[in-house]
Amino acid sequence: MKNPFEYGGVVSGDAFCNRRQELADLRRAIENAEKLFVCSERRYGKTSLVRAALDKLPRKNFVSAYVDLWPTDSEVTFVAAVARAIAESMSTSADKALEVAKKFFSSLSPSVTLDDEGKPSLTFGLAKHAKIEPVLEEVLETPARIAGKNGPRVAVVMDEFQQILDYGSDRVERKLRSVIQNHRSVSYVFLGSRKHLIQKMVLDKNRPLYRAGGHYPLGPIAEKHWQPFIRQGFGDADKRIEEERVHEICEITQGHPFYTQHLCHVVWEMCERKTAVTAEMIRTAVKVLLERESYAYTTLWESLTIPQKRFLKGLAAEAAGVKVFAGDFIGRHGLSSASNAQRASEALLARDVIDRDNGSFLITDRFFRLWIQSVQTI
């Protein structure tokens, strides 16, 4: 039997745990042509969630364009990524995508080339001295042109949206603001995996996208939803896992989807048919996972300053929501002063090692947190 616990990619079908309320909220927002900023830590399943929501839309009435902004690094690569996603959403082959691209994005010189695997792929080129502003506006106005008066509804998803902060100017933000506020038949979902950056873009009144849409933080999956999901995953393979063992797993992973699925995957492999998961089995699985990541974690740890290590040791040891700039935390963990802790937190935030969490911070990699707890010296 195939291991039912999937991690590391887009999860769908029976491997997708709960999120019923979030799916309903997303679908409702898309059907109402809303603009929504969805943010969470990395590996929280945002992409899986939004793809599941898009799959539930009636295909006769909707065109759905999914744009992955992670590989983009400039306004030019941004417009190419958006144009490609729109063209491919309206076609079933590279040749048809090229026809759509020529119709809507002629200024980007669309063509079909072979990728590294020899498969046809839609590509775009922009003349070296061409002005980016009219091209940017053309691409961003296209969803509304497709919708038109009698056209299909259009849903645009921009994943890893915080990438636009690395483009060197706020031109994309400003143009997006001016364009999307007039699109009545187009919904926009912006996904971000660095919460503090997305919150800055949407909640800072000095930013172009201030309150340009709803702010939708995505939290962990509650244990009450993990319990039936995990127990069924084991039960279907004639393996048993008691409620207490599931609770232990959720305590270790803090309900984080990626780390919960990953740990369950390893435990499932260890557990034989017609036997039950034990506490020792879970401890062994954690040990296996930490050993696999030991080199990467050691390399990261050695690259940190002593204050940064002390800050992380404190976060790993304390309960969620701890006041990291309070005198008792600083004293317990040898950070000398609040300014010292502040500098450490800013550096760790910049490296995506930690993220903000309800007035405090958390270590984004749950297994790295466990590894830190095992580090006895600094």
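Before the first helix, a definition: the expected span of a helix is 1.5 Å times one less than its number of residues. Helices (H or I, at least four residues) and strands (E, at least two) are DSSP runs, numbered from the N terminus. On the source: this is a predicted model, where local features need pLDDT of at least 70 and side-chain atom pairs count only at pLDDT 80 or more, while totals for chains, interfaces and linings use all residues. Residues are numbered from 1 along each chain as its sequence is written, and side-chain values use heavy atoms, with hydrogens and water left out.

Take helix H8, residues 223-235. Its 13 residues should span 18 Å at 1.5 Å a residue, and the end C-alpha atoms are 18 Å apart, so the two agree. Which residues of H8 are buried? They are Trp-226, Gln-227, Phe-229, Ile-230, Gly-233 and Phe-234. Buried here means under 20% relative accessible area, exposed means over 50%, and partly exposed is in between, with a 1.4 Å probe and protein chains only. The cover over these buried residues includes helix H9 (243-253) and helix H10 (257-270).

Leaving out residues up to four places away in sequence, Phe-234 touches Phe-5, Lys-239, Ile-241, Cys-264, Val-267, Trp-268, Cys-271 and Val-277; contact means heavy atoms within 4.5 Å.

Next, helix H3, residues 75-89. H3 has 15 residues and reaches 21 Å from first C-alpha to last, close to the 21 Å expected. Its buried residues include Phe-78, Val-79, Val-82 and Ile-86. What do the buried residues of H3 pack against? The partners are strands E2 (62-68), E4 (120-123) and E5 (153-159), along with helices H4 (94-104), H5 (132-147) and H6 (171-180).

Then a helix pair. The axes of H1 (residues 20-31) and H2 (residues 46-55) come within 9 Å and cross at roughly 60°. That makes H1 oblique to H2. Axes are lines fitted to C-alpha atoms, for helices over the stretch in contact, with angles from 0 to 180 degrees between N-to-C directions. Under 35 degrees is roughly parallel, over 145 roughly antiparallel, 65 to 115 roughly perpendicular, and the rest oblique. On the H1 side, Glu-22, Leu-23, Leu-26 and Ile-30 meet Leu-49, Val-50, Ala-52, Ala-53 and Leu-54 of H2.

Last, the backbone angles. Arg-19, in the segment before H1, is not a glycine but has a positive phi of about 60°. Arg-19 is buried, at 4% relative accessible area. Ser-336, also not a glycine, has a positive phi of about 70°. Ser-336 sits in the loop between helix H13 (327-332) and helix H14 (338-350), and is exposed at 68%.
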